[in-house]
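User: I would like to go through this model with you step by step, beginning with the chain as a whole and then turning to single residues.

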Amino acid sequence: MRAIRDYYGLLPGNTDAGWARLTDRYRSTTARDRATYDRLWASVKAVSVAQAKASGPGSVVATVRYDFTDGRRFE
């Protein structure tokens, strides 16, 4: 759980460190590429993690809230 909080604690300000924590598979699939990753985080004003709890070996369930620079909020 700490790893999840630590990762999102880096963002949106430190995308270099955030990118370095991603697996190669996540980078090439979900994040797609570094430019796409950076564009996403450039549009985020703040991110927070709540209710993080272990849900099995190597698995965590958490609520992640993104506050975007255009005023949208996604949870």
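User: Among contacts in the chain between residues at least 6 apart in sequence, what percentage join residues at least 24 apart?

Analyst: The model is a predicted one, and a contact here means heavy atoms within 4.5 Å. Taking the contacts between residues at least 6 apart in sequence, the share that joins residues at least 24 apart is 33%.

User: In what order do the helices and strands run from the N terminus on?

Analyst: The chain holds 4 helices and 3 strands. Read from the N terminus on, the order of these elements is α-α-α-α-β-β-β.

User: How far apart are the mean positions of the positive and negative charges of the chain?

Analyst: The count gives 13 positive and 8 negative charges in the chain.

User: Is T15 buried or exposed?

Analyst: T15 belongs to helix α2, which covers residues 15-21. Leaving aside neighbours within four places in sequence, T15 is in contact with R34, Y37, D38 and W41, and the side chains of T15 and D38 make a polar contact at 3.3 Å. Since the relative accessible area of T15 is 16% and the cut-off for this class is under 20%, T15 counts as buried.

User: Which class of accessibility does D33 fall into?

Analyst: D33 sits in the loop between α3 (24-28) and α4 (34-42), and, apart from neighbours within four places in sequence, D33 is in contact with W19 and R27. Its relative accessibility is 35%, which lies between the limits of 20% and 50%, so D33 is classed as partly exposed.

User: Which residue has its backbone nitrogen 2.7 Å from a polar atom of the D33 side chain?

Analyst: A polar contact requires a pair of N or O atoms within 3.5 Å. The backbone nitrogen that lies 2.7 Å from a polar side-chain atom of D33 is that of T36.

User: How far apart in space are D33 and D67?

Analyst: In sequence, D33 and D67 are 34 residues apart. Taken from C-alpha to C-alpha, the distance between D33 and D67 in space is 22 Å.

Methods. Residues numbered from 1 in each chain as written. Predicted model: local features only at pLDDT ≥ 70, side-chain atom pairs only at ≥ 80, totals over all residues. Heavy atoms only, no water. Helix = DSSP H or I, 4+ residues; strand = E, 2+ residues; numbered from the N terminus. Lys, Arg positive; Asp, Glu negative; His and termini not counted. Charge placed at Lys NZ, Arg CZ, Asp CG, Glu CD. Buried < 20%, exposed > 50% of the residue type's maximum accessible area, 1.4 Å probe, protein only. Polar contact = N/O pair within 3.5 Å; in protein donor to acceptor, adjacent residues only side chain to side chain.
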